[in-house]
Amino acid sequence: KGLRVADEAKVEEYLEADLRQDTAKVKIGGIVHDLVIIEMTGDAEEEYLDNDKDNIKLDVNEDGSVKAKLMNVKGVHKTLLAKMVWENDALVPIETIGKWPMRVQRALYVKAQAVMGYRATAADKTRDKAAELKNE
């Protein structure tokens, strides 16, 4: 159910407590992989960001939003995926991910970013725009 939060208007909202996830079916070398992309825990995300801290530059935009810039792209896809992509109840090793075609890594990377909330999906943008219009 989640944690109850009340804002100034006394509107109750619930924060989701379960880890978000998505699935992907990928065929590599004739073998079908049923993958699950699971949101990182707080500890895992901190470790991921800390290991990559010299590679990420954060800029604050005029509207207060934060934009992350990658200084070096080497390993960027497989590093994130190795923290989030599961097969048969085990994380897929980074060495295995590195051997997958780049188009597979890119597609999974986009899904992983959406699961983590790093990248807004088209559905997110549509929902946010609808809410914005409703409040005008």
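At what angle do the axes of α1 and α2 cross? In this predicted model, local features need pLDDT of at least 70 and side-chain atom pairs count only at pLDDT 80 or more, while totals for chains, interfaces and linings use all residues. Residues are numbered from 1 along each chain as its sequence is written, and side-chain values use heavy atoms, with hydrogens and water left out.

The α1 and α2 axes cross at roughly 160° and come within 10 Å. Axes here are lines fitted to C-alpha atoms, for helices over the stretch in contact, with angles running from 0 to 180 degrees between N-to-C directions. The two helices are therefore roughly antiparallel, a term for angles over 145 degrees. The crossing of α1 past α2 is right-handed, that is, the near helix is turned clockwise from the far one by less than a right angle. On α1, the contact is made by A44, E47 and Y48. On α2, V76, T79, L80 and K83 take part. Contact means heavy atoms within 4.5 Å.

The chain holds five helices and eight strands. These are DSSP runs, numbered from the N terminus: H or I of at least four residues for helices, E of at least two for strands. Their order along the sequence is β-β-β-β-α-β-β-α-β-β-α-α-α. Of contacts between residues at least 6 apart in sequence, 45% join residues at least 24 apart. The accessible surface comes to about 10200 Å², with 51% belonging to carbon and sulfur atoms; the areas come from the Shrake-Rupley method with a 1.4 Å probe.

Buried residues (under 20% relative accessible area, 1.4 Å probe, protein chains only) account for 23% of the 136 residues. D52 lies in the loop between α1 (42–51) and β5 (56–60). D52 counts as buried because its relative accessibility is 14%. Its C-alpha atom is separated by 10.0 Å from that of L80, 28 residues apart along the chain.

The largest nonpolar core has 23 residues. Such a core is a set of buried Ala, Val, Leu, Ile, Met, Phe, Trp, Tyr and Cys residues joined through side-chain atoms within 4.5 Å. M84, W100 and L108 have the most contacts inside this core. Two or more residues each come from β3 (21–28), β4 (31–38), α1, α2 (76–84) and α4 (102–116). The most, six residues, come from α4. Leaving aside neighbours within four places in sequence, W100 is in contact with I28, L35, V92, Q105 and L108.

Definitions and conventions. Buried means under 20% relative accessible area, exposed over 50%, partly exposed in between (1.4 Å probe, protein chains only). Angles under 35 degrees count as roughly parallel, over 145 as roughly antiparallel, 65 to 115 as roughly perpendicular and the rest as oblique.
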